[in-house]
Amino acid sequence: MDLKDLYRDVILDHNKRPRNFGRLDPCDTAADGNNPLCGDQLTVTLRLDGDRIEDIRFEGRGCAISTASASLMTEAVKGMDEAAIQALYARVHEALTAAADAPPPEGLGKLAALAGVREFPARVKCASLSWHTLNAALAHRAQNAAGEVRGGGLDPTPIAAVSTE
Amino acid sequence: MTPTASAPAYDVAKVRSQFPVLATTVRGKRLAFLDTAASAQRPLTVIEAVDHYERTSHANVHRGVYQLSQKATDAFEGAREILRRFIGAASSRELIFTRGTTESINLVAQSWGRRLGPGDEILITWMEHHANIVPWQMLCERTGATLKVAPIDRRGELDLEAFRALLTPRTRIASFIQISNALGTVLPVREMIAAAKAVGALTLVDGAQAISHQRIDVQSLGCDFYVFSGHKLYGPTGIGVLWGREALLREMPPWQGGGDMIRTVSFSGSTWNDLPWKFEAGTPHISGAIGLGAAVDWLETIGIDAVQAHEQSLLTQATAALREIPGLRLIGEAADKGPVISFVMDGVHPHDLGTILDAEGVAVRAGHHCAMPVMAFFDVPATARASFGCYSDEADIAQLVAALRHAHEVFN
């Protein structure tokens with residue numbers, strides 16, 4: 001086991017200089033995510049064009065794995081529609097939780113750097129927190145949209161919350 | 001400590017040889033177990049005592065007339081007597097077996113706490129473990145009593161004057177930790193107990209972190225309740241102790257109802273067993289109690305004073321060594337500390353530290369240590385924490401220091 005499998009240069013770089021860091025104001029939907037076990041917490045804000053992500057930011061504080069994962073995620077999903085996001089997340093999740101001796105994931109680009117967590121089961125939650133939070137934000141948006149259709153109007157609560165535990 | 005004829009040098013290698021787990025490796029590296037504050041390892045004598053009981057003496061206690069049940073009862077009650085002697089309690093009627101510190105505090109909050117009402121006050125400190133916060137919050141919610149919190153300072157010491165000022169004639173109980181699990185601070189419990197008594201309040205001392213590091217005599221302390229867990233005292237998990245003054249325990253209503261805690265049961269009403277069994281409903285953790293008794297017997301052969309001197313020496317060495325590591329900041333720098341060092345490293349989240357240290361065979365706790373208000377006070381999401389026990393040695397510290405230097409390199 002080599003620590004460099006987990007703390008690859010891409011991860012250390014995105015931890016030190018997270019991309020798309022901050023908050024979109026106004027935004028179309030948002031969610032808070034937290035991992036009570038280690039105190040990681042982040043907020044994802046989104047601007048949507050239909051179901052396509054026009055812009056995305058995150059802020060918060062957490063370990064290198066959760067910060068880098070959130071940063072890499074925001075780069076990867078910008079411009080994607082929800083179906084593409086779900087397909088990508090399914091592949092990322094598979095990469096994070098594959099057996100330690102499974103072949104490295106293909107076609108994930110920079111996101112493949114996160115695959116090192118498969119050797120550290122305690123850290124998988126750190127890497128998946130941002131994705132859960134993004135999903136919560138999208139689900140929140142969908143609920144609000146459903147509310148609109150039923151004539152109930154927007155949910156006054158701006159922030160959905162998700163916890164990894 | 002200077003070795004003398006009457007006090008031979010502490011033989012840490014011999015102590016370590018009693019702990020099978022310390023001979024194991026982690027990811028091919030020597031195990032440096034520095035998480036004793038979360039749970040201590042078990043010596044062979046404890047493992048063997050539990051094993052012997054399971055093989056030769058198990059039956060339910062306080063029930064059968066047959067010999068095996070009597071054997072189990074004798075061993076179980078024998079363990080209670082060992083614990084009684086260990087903490088200097090006046091009577092074994094005052095020593096109630098629980099699942100651990102958390103259950104002990106909940107028992108007091110739910111049984112004794114029934115007498116509280118609106119206007120009554122409960123005083124705790126800012127550095128309590130969640131187990132000494134949440135049961136009181138729940139009690140306040142139920143009864144309308146008020147929870148007050150005594151502040152701490154930047155070094156992680158209690159503001160004793162503020163604690164005194166928060167005590168009022170309405171304070172019914174002051175409940176506080178003896179050694180902070182998150183910061184290592186040793187609280188001035190004697191002064192706190194005296195101050196609480198002066199306003200007529202009861203006191204509960206959470207000894208979870210203190211019990212294995214210094215001699216405890218509940219009568220000389222003068223508190224009303226003292227609680228601790230077996231697994232932090234080299235015993236099994238799932239067993240702990242509530243000590244309380246007999247007169248108080250006598251007045252308190254039973255907590256859980258069931259077998260063993262009753263004298264008679266009929267549909268028109270039931271009557272309660274004597275102390276301590278009134279508070280021990282259901283079949284207890286028999287092997288756990290026996291294992292805990294064996295742990296105390298074993299610890300006494302080494303001598304808890306000798307253990308304390310050894311751990312304090314390690315604490316001093318490790319504190320000095322950690323101060324030399326670039327970017328490392330200690331959280332909790334009280335003048336009087338137990339063998340616990342909490343720290344953070346610039347630019348490295350405690351969880352990343354924990355993983356890097358694990359790769360070097362070093363086991364430390366990384367997280368909020370069930371003390372979120374302490375983390376908030378120091379404005380950190382979490383800390384890494386190294387803690388020592390009777391088996392910790394200088395090689396553990398050297399391994400920790402090397403791993404921390406490596407962590408600093410990886411991230412800078």
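Which residues in α2(B) meet which residues in α10(B)? Before I answer, let me say that what we have here is a predicted model.

On the one side, in α2(B), the residues are B:Thr45, B:Val46, B:Ala49, B:Val50, B:Tyr53 and B:Glu54, and in α10(B) they meet B:Ser287, B:Ile290, B:Gly291, B:Ala294, B:Ala295 and B:Trp298. Sorted by class, this contact between α2(B) and α10(B) has eight nonpolar, three polar and one charged residues. As for the geometry, helix α2, residues 44-56 of chain B, and α10(B) have axes that come within 8 Å and cross at roughly 145 degrees, and the crossing in which α2(B) passes α10(B) is right-handed.

Let me stay with B:Ile290, which, leaving aside its neighbours within four places in sequence, is in contact with B:Ala49, B:Val50 and B:Tyr53, and also with B:Ala75, B:Phe76 and B:Ala79.

That brings me to the largest nonpolar core, which has 119 residues, and in which B:Met192, B:Val241, B:Trp243, B:Ile290, B:Ala295 and B:Ala407 touch the most other members. Helix α10 of chain B, residues 286-302, gives the most to this core, with nine residues. Because domain 1 (12-36 + 303-411) and domain 2 (47-300) of chain B both give residues to this core, it lies between them. There is also a second, separate core of 36 residues, which includes A:Ala31, A:Val44, A:Leu111 and A:Ala127.

Finally, the two chains: their contact takes 15 residues from chain A and 14 residues from chain B, and on the side of chain A that touches chain B the residues divide into 11 nonpolar, two polar and two charged.

Methods. Residues numbered from 1 in each chain as written. Chains lettered and ligands numbered in written order. Predicted model: local features only at pLDDT ≥ 70, side-chain atom pairs only at ≥ 80, totals over all residues. Core = buried A, V, L, I, M, F, W, Y, C linked by C-beta atoms within 7 Å. Buried ≥ 20, exposed ≤ 12 C-beta atoms within 10 Å, placed from the backbone. Helix = DSSP H or I, 4+ residues; strand = E, 2+ residues; numbered from the N terminus. Domains from an automatic or database assignment. Contact = placed C-beta atoms within 7 Å. Nonpolar A, V, L, I, M, F, W, Y, C, P; charged D, E, K, R; others polar. Axes fitted to C-alpha atoms, helices over the stretch in contact; angles between N-to-C directions. Left-handed = near helix turned anticlockwise from the far one by under 90°.
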